[in-house]
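Q: Could you take a close look at one part of this model with me? I'd like to follow it step by step.

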Amino acid sequence: PQGRWPPGRVRVEPRLHGGAAPRGARTRRLPLLQAARIAVKQNQIAEADKSYAELDAAYPEAKERDQVLNEWATVLYDGQQFERADALFKKLVKMIADKAKKTVTKEVEVMNEETAHLEEAVAAQEGGDGDDHNDADC
């Protein structure tokens, strides 16, 4: 269990979804993440849990939130806090599924718009091709 720590893969970026980072966002987030990681190294899982929870509550729109949730849940799992870890893994899966659903919905909307434009173009071409004869007259 302890062999997976520290993951070192999570990089806290200063940008949040939806625009530029607030001034000092990275410097406010890093201490919380570092506090959590230090607590884990000292085997203080409850203290780490508290720091991760504070970080998640303060920055729910952080673009690396999925990575932090995964790290947090893994720490709790390794610390044998299975119910809490399970709740976080479920939250992570739901978050990823919701994001995928939004992406697919947006792609379908774009495809529907493109289809409508193509249908309009085909209808315009069929209506304006100058061929006014009736197939029944042939």
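Which residues is L55 in contact with, leaving aside its neighbours within four places in sequence?

A: Before we dig in, note that this is a predicted model, where local features need pLDDT of at least 70, side-chain atom pairs count only at pLDDT 80 or more, and totals for chains, interfaces and linings use all residues. Residues are numbered from 1 along each chain as its sequence is written, and side-chain values use heavy atoms, with hydrogens and water left out.

Setting those sequence neighbours aside, L55 is in contact (heavy atoms within 4.5 Å) with R29, L32, L33 and V68.

Now for the helices, which are DSSP runs of H or I with at least four residues, numbered from the N terminus. L55 is one of the α2 residues that meet α3, along with I45, D49, Y52, A53 and D56. On the α3 side you'll find R65, V68, L69, E71, W72, V75 and L76. The axes of α2 and α3 (lines fitted to C-alpha atoms over the stretch in contact, with angles from 0 to 180 degrees between N-to-C directions) lie 10 Å apart at about 160 degrees. The two helices are therefore roughly antiparallel, a label for angles over 145 degrees.

Of its 20 residues, Y52, L55, W72, L76 and L88 touch the most other members. Helices α1 (25-41), α2 (45-58), α3 and α4 each supply at least two residues, and α3 gives the largest share, six.

How values were computed: Core = buried A, V, L, I, M, F, W, Y, C linked by side-chain atoms within 4.5 Å. Buried < 20%, exposed > 50% of the residue type's maximum accessible area, 1.4 Å probe, protein only. Parallel < 35°, antiparallel > 145°, perpendicular 65-115°, else oblique.
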